[in-house]
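Have a look at the fold before reading on.

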Amino acid sequence: MKLKVIGAISLLLALFFIVSCESETSIEFKRYYSVGAEIYQTHCQNCHGANGEGLAALIPPLNDSLFLKNNKSSLACYIKSGLKGTITINGKAFDDAMPANDLSPMELAQTLTYVCNSFGNKLNVITQEQVQADLAKCK
């Protein structure tokens, strides 16, 4: 009987350690991503679409990881301050202005983590600290 109890306790401990082996980075990513999805739905989806497809020639898609990757340090500024002027995505020029959005640095980080890891993009977590550093450089 004592051996069965010890065996059961050992099995439970082993399962606990297997389940709890998720890294802090993975947990942080999931937190940012899930909240970012909600913020995207509230503030961005109406224009950029549920699947980041944009709107014809008016609103650019968000599924061009090359544009996002090449402009990663400017993305928080684009959302916070708005974006004016022509940008080219997938060889297509977009010239409509994007309005400014008054999201906090944490909300920006969460939203950018979602966008930069959805719609075919895989750019990892964008932290609040990164966003704050990027916002300090906005022109």
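## The overall layout

Keep in mind that this is a predicted model. The protein has seven helices and two strands. Reading from the N terminus, the order is α-α-α-α-α-β-β-α-α.

Of the 139 residues, 35% count as buried. If you take the contacts between residues at least 6 apart in sequence, 55% of them join residues at least 24 apart.

## Helix H6 and what covers it

H6 (105–115) is mostly covered, with eight of its eleven residues buried. The buried ones are Leu-108, Ala-109, Gln-110, Thr-111, Leu-112, Thr-113, Tyr-114 and Val-115. So who does the covering of the buried residues of H6? The cover includes four helices: H2 (24–43), H4 (65–70), H5 (75–81) and H7 (128–136).

## How H2 crosses H6

H2 and H6 pack with their axes 7 Å apart, at an angle of about 95°. Angles of 65 to 115 degrees count as roughly perpendicular, so that is the label this pair of helices, H2 and H6, gets. On the H2 side, the contact uses Phe-29, Tyr-32, Tyr-33, Val-35, Gly-36, Ala-37, Ile-39 and Tyr-40. H6 answers with Met-106, Glu-107, Ala-109, Gln-110, Thr-111, Thr-113, Tyr-114 and Val-115.

Sorted by class, the contact of H2 with H6 has eleven nonpolar residues, four polar ones and one charged one.

Asn-101 sits in the loop between strand E2 (92–94) and H6. Setting aside neighbours within four places in sequence, Asn-101 is in contact with His-43, Ile-79 and Lys-80.

Leu-123 is in the loop between H6 and H7.

## The largest pocket

The largest pocket has a volume of about 600 Å³. Its lining takes in 30 residues, and the ones nearest the centre are Cys-44, His-48, Leu-62, Ile-79 and Met-98. Ile-79 is also one of the contacts of Asn-101.

Several elements each supply at least two residues of this lining: H2, H3 (45–48), H4, H5, strand E1 (87–89) and H6. By class, the lining of the largest pocket has 23 nonpolar, six polar and one charged residues.

## The second largest pocket

The second largest pocket comes in at about 270 Å³. Its lining consists of Ser-73, Ser-74, Cys-77, Tyr-78, Ser-81, Gly-82, Leu-83, Lys-84, Asp-134, Lys-137, Cys-138 and Lys-139. H5 gives the most to this lining, with three residues.

How do the residues lining the second largest pocket divide by class? There are four nonpolar, four polar and four charged.

Note on methods: Residues numbered from 1 in each chain as written. Predicted model: local features only at pLDDT ≥ 70, side-chain atom pairs only at ≥ 80, totals over all residues. Heavy atoms only, no water. Contact = heavy atoms within 4.5 Å. Buried < 20%, exposed > 50% of the residue type's maximum accessible area, 1.4 Å probe, protein only. 1 Å grid on protein atoms, 1.4 Å probe; cavity = no way out; pocket = protein on both sides within 12 Å on 5 of 7 lines; lining within 4 Å. Points joined across faces, edges and corners; volume = space filled by probe spheres on them. Nonpolar A, V, L, I, M, F, W, Y, C, P; charged D, E, K, R; others polar. Axes fitted to C-alpha atoms, helices over the stretch in contact; angles between N-to-C directions. Parallel < 35°, antiparallel > 145°, perpendicular 65-115°, else oblique.
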